[in-house]
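Please go through the model below.

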Amino acid sequence: MKPPPFDYIAATSVEDAVALLTDERDSRILAGGQSLLPILNLRLGSPELLIDIGRIDELGTIELSDHHLQIGAAVTQQSVLDDAGVGRRWPLLTDALRHIGHAQIRNRGTVCGSLAHNDPQAELPAVAMALGAEVVARSANGSRRVAADELFTGPFSTSLAPDELLVSVEFPAQPSGWAFQEFAVRPGDFALAGVACAFDPIHSAARVVMFGSSGCPMQATAVEEALLAGAGAGDLEQAAAATVESLDATGDIHASAASRRTLMTKLLIEAASQAHQRARTETDR
Ligand SMILES: Cc1cc2nc3c(=O)[nH]c(=O)nc-3n(C[C@H](O)[C@H](O)[C@H](O)COP(=O)(O)OP(=O)(O)OC[C@H]3O[C@@H](n4cnc5c(N)ncnc54)[C@H](O)[C@@H]3O)c2cc1C
């Protein structure tokens, strides 16, 4: 199908993009277009104005130090995946990126676009929550920082206001214990269930985030507590089963809610055990 008619403007700067967002027409940011263009083609949305941010140089940078990674809104998923420094220090992010669609999608799709879109089956919102990332949002009224925990409000919805541009996402250092697990029917398909896990035994911190099986990424707090308590396999299994029991899992043509719960239980146990093992290997070095 063809998209409904729309106006198109390539913004030249962040200020320009933010000013265009105050336009009285129903406007949307166009980043990689890998979610927005299918939405238009399927006539699931009909914005009047698309504001392309892909040519704004200041949004196209990856900045990293040992403790901090900042990714601008025009940076593609593949550029982050190809960055050796990111791969060394944020392997959880890199591993998750490998699961997103195929190279053709990642070559255009942006990291920040995925966060702004918040597809329940997307990998990156869960990774952002697991790693305690923050985004910088900018509107004509100024800038604000939003923690990933506060960003994702429901399926395909975030706490960003319609006139806010997500300028960048910032990740703190990744802890030594980490794991990324997902199940998809075929490589490159959206996940039916997935888990992103970050475990820092030195600072007694654990984040285990589920995605793909319900409307929004969700913390598995019982599994986090079991990890922090140094619980054995049996306790982890119990914590995973208790978590999944209260999960409002989606059932659709791809998998029933019961299948998704079963998958999620296994992935939670697998991810928590792997993160625990990685943290131990690192401590033993
Ligand atoms: C065949 C196919 C397979 C895919 N498989 C996967 C997959 O396995 N996992 C996965 O996670 N994704 C998958 N995707 C989606 C892909 O990752 C998208 O790139 C991503 O969801 C959105 O990023 P984008 O840059 O393309 O955003 P766009 O499509 O340009 O925008 C998406 C939405 O976010 C808004 N937006 C984008 N950037 C900003 C910003 N900076 N500030 C404010 N709002 C913004 C737009 O207005 C729009 O509403 C797939 C897509 C396709 C076509």
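Which residues does G188 touch, not counting residues up to four places away in sequence? G188 touches G101 and H102, where contact means heavy atoms within 4.5 Å.

## Basis of the model

This is a predicted model, in which local features need pLDDT of at least 70, side-chain atom pairs count only at pLDDT 80 or more, and totals for chains, interfaces and linings use all residues. Residues are numbered from 1 along each chain as its sequence is written, and side-chain values use heavy atoms, with hydrogens and water left out.

## Domains

The protein is divided into domain 1 (7–52), domain 2 (59–172) and domain 3 (177–284). These bounds come from an automatic or database domain assignment. The C-alpha centres of domain 1 and domain 2 lie 19 Å apart. Their contact takes 12 residues from domain 1 and 14 residues from domain 2.

## Interface of domains 1 and 2

About 1,000 Å² is buried between domain 1 and domain 2. Buried area is the accessible area (1.4 Å probe) that two parts lose on being put together, summed over both. Carbon and sulfur atoms give 73% of that area. On the domain 1 side, V14, V18 and Q34 supply 44% of the area buried against domain 2, more than any other three residues.

The two domains share 1 salt bridge (a side-chain nitrogen of Lys or Arg within 4 Å of a carboxyl oxygen of Asp or Glu). E15 forms a salt bridge with R138, and the closest N and O atoms are 2.7 Å apart. Helix α1 (residues 14–20) gives the most to the side of domain 1 that touches domain 2, with 4 residues. Helices are DSSP runs (H or I, at least four residues), as are strands (E, at least two), numbered from the N terminus.

## Residue G188

G188 sits in the loop between β11 (177–183) and β12 (193–200). Its relative accessibility is 24%, so G188 counts as partly exposed (buried is under 20% relative accessible area, exposed over 50%, partly exposed in between; 1.4 Å probe, protein chains only). G188 and T281 are 93 residues apart along the chain, and their C-alpha atoms are separated by 30 Å.

## Residue T158

T158 belongs to strand β9 (residues 157–158). With a relative accessible area of 17%, T158 is buried. A polar atom of the T158 side chain lies 3.2 Å from the backbone nitrogen of L160. Leaving aside neighbours within four places in sequence, T158 is in contact with L115, A116, N118, L151, F152 and T153.

Notes
A polar contact is a pair of N or O atoms within 3.5 Å; within protein, one must be able to donate a hydrogen and the other to accept it, and residues adjacent in sequence count only if both atoms are side-chain atoms.
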